[in-house]
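Open the model in your viewer and keep the selection tool ready. The tour goes from stop to stop, with a selection at each.

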Amino acid sequence: MNKIMFFAHLREAVGEESISIDVAGRSVAELKELLANQYQLNQLDTVMTAINEEFATNEEIIQQGDIIAFIPPVSGG
Amino acid sequence: MFERYSRQILFTPIGQTGQEKLSSKHVLIIGAGALGSSNAETMVRSGVGKVTIVDRDYVEFSNLQRQQLYTEDDVREKLPKAVAAEQRLRAINSEVEIRAIVGDATPDMLEDLAKDIDLIMDSTDNFETRMAINDISQKFKIPWVYGACVGSYGMSFTIIPGKTPCLNCLLKRIPIQGMTCDTGGIIAPAVQMAIAHQTVEALKILVEDWDSIRDTFVSFDLWRNQYTSMKMSKAKDEGCLSCGKERTYPYLSKENMTKTTVLCGRDTVQIRPPHKQVIVLNELGNQLMALGYKVKGNPYLLSVETEEHRLVIFQDGRALIHGTKDLTHAKSIYQRLLG
């Protein structure tokens with residue numbers, strides 16, 4: 001299983017702080033696509049991804065037990 | 001001479017040597033809104049040698065809840081933020097040389113300013129300017145500290161040319177429809193948390209304590225009690241056009257800038273984003289309506305009324321700002337709503 005965590009407006013869009021799904025073997029890009037379809041999220045391509053608190057590219061493959069966090073960059077100031 | 005800094009000098013990592021270094025440094029602050037106010041005040045109080053602050057807006061009532069340099073008088077006089085900030089900063093510490101610039105921080109302006117700068121502190125409200133700061137930072141080898149906040153959420157990352165990844169490595173391109181303070185709201189503690197992360201990094205850089213620089217990307221949500229620290233060593237992209245081997249500094253070139261034009265014979269400015277975008281109009285419309293703006297729309301455009309202006313936003317990101325001929329002001333309104 002993998003824990004997927006959402007921050008800022010993504011948390012509101014998904015309606016939960018985190019979800020648990022099994023996405024081991026998939027890439028970050030594939031997970032983004034899956035979530036985009038499931039929750040009608042449309043801004044995931046510029047959202048940063050952390051796997052186990054380390055920056056991950058879209059190509060990185062998710063392993064069993066990995067914790068994934070989606071961190072949307074914001075522009076306010 | 002350093003009496004006023006005695007408590008800061010007692011802090012061992014700064015000390016007398018650090019204070020002397022601080023007093024010889026020049027900090028460039030881009031933006032004088034919430035982040036800019038607090039960043040500037042902390043830098044000026046801590047006794048840096050010179051602060052240059054750039055802003056294109058004037059003070060409004062909706063700023064006073066969090067933009068700590070401004071007063072009701074500044075609003076009544078419609079003072080440009082840079083001017084009001086300069087007055088207040090001078091009153092706080094007359095030893096610091098302060099230069100205020102009223103204007104849009106375009107790549108051209110940033111290149112002119114970059115010559116004798118030791119650090120750039122990001123206090124802008126949009127990614128276009130941040131990407132330009134990022135390219136200037138790489139081109140002139142000046143460290144900069146990214147900071148941003150919206151709602152109760154915020155983030156910061158320190159970029160040291162030649163050492164850390166840069167903002168373009170992380171984002172690859174400018175995020176569209178980013179949350180802004182004008183769409184997602186903002187509470188003052190989120191500003192202060194972002195500022196605490198930015199200013200502490202600024203002090204480390206200015207006293208040249210390079211080993212203490214935070215190398216993680218921090219993000220937090222103060223209301224939801226979340227705090228994350230992301231390691232960034234894997235983020236550096238050798239092919240990055242801003243900091244890689246074959247760099248072109250793309251965000252300093254004209255084609256990557258928002259275009260503004262006054263429409264002939266009309267009190268209207270047209271804004272065109274540098275790249276075609278797909279704005280989810282009904283989502284943006286709902287956000288703005290929730291904030292009390294008068295919004296009307298159809299599948300092709302959104303008409304939004306603010307107190308002074310009417311905006312028409314098209315799906316491809318193009319917009320008409322009615323009720324002004326001022327290009328900088330129009331761009332400011334646009335970027336406040338669309339990020």
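## Start at a helix end in chain A

Select Q40(A). This residue follows helix α2(A), and its phi is positive, near 50 degrees. The model is a predicted one, so read each stop as a feature of a prediction.

Now step back to the helix. Select residues 28-39 of chain A, which make up α2. The helix has 12 residues. From first C-alpha to last, α2(A) reaches 16 Å, close to the 16 Å expected at 1.5 Å a residue.

Show the side chains of V28(A), L31(A) and L35(A), the buried residues of α2(A). Look down the helix axis. The buried residues of α2(A) fall within an arc of 60 degrees, so they line one face of the helix.

## A loop in chain A

Stay in chain A and select Q63(A). It sits in the loop between β4 (54-56) and β5 (67-71). Is Q63(A) buried or exposed? Q63(A) counts as exposed because it has 12 C-beta neighbours inside 10 Å. Along the chain, V23(A) and Q63(A) are 40 residues apart, and their C-alpha atoms are separated by 7.9 Å.

## The sheet in chain B

Move to chain B and colour the strands of the open sheet. There are 6, in the order β9-β10-β14-β13-β12-β11, with antiparallel pairing. The edge strands are β9 (259-262) and β11 (294-297) of chain B, each pairing on one side only. From one strand to the next, the twist averages 15 degrees.

Zoom in on β9(B). It runs antiparallel to β10 (residues 268-272) of chain B, and 4 bridges join the two. Select T260(B): opposite stands I271(B) in β10(B).

Now turn to the other partner of β10(B). 4 bridges join β10(B) to β14(B), again antiparallel. Here I271(B) stands opposite A319(B) in β14(B).

Colour β10(B) by face. V269(B) and I271(B) form the covered face. T268(B), Q270(B) and R272(B) form the uncovered one.

Select residues 281-290 of chain B, helix α11. This helix packs on the sheet and touches β11 and β12 (301-305) of chain B. The direction of α11(B) makes about 160 degrees with that of β11(B).

Then select residues 327-338 of chain B, helix α12. It lies across β9, β10, β13 (310-314) and β14 (319-322) of chain B. Relative to β10(B), α12(B) runs at about 55 degrees.

## The nonpolar cores

Which residues have the most contacts inside the largest nonpolar core? Select A40(B) and V51(B). This core has 96 residues. Helix α10 (residues 188-206) of chain B gives the largest share, 9 residues.

Finish at A40(B). Leaving aside neighbours within four places in sequence, A40(B) is in contact with I29(B), A32(B), V51(B), I53(B), L69(B), A85(B) and L89(B).

Technical notes. Residues numbered from 1 in each chain as written. Chains lettered and ligands numbered in written order. Predicted model: local features only at pLDDT ≥ 70, side-chain atom pairs only at ≥ 80, totals over all residues. Core = buried A, V, L, I, M, F, W, Y, C linked by C-beta atoms within 7 Å. Buried ≥ 20, exposed ≤ 12 C-beta atoms within 10 Å, placed from the backbone. Contact = placed C-beta atoms within 7 Å. Pairing = 2+ DSSP bridges. Axes fitted to C-alpha atoms, helices over the stretch in contact; angles between N-to-C directions. Expected span 1.5 Å × (residues − 1). Arc of directions from axis to C-beta.
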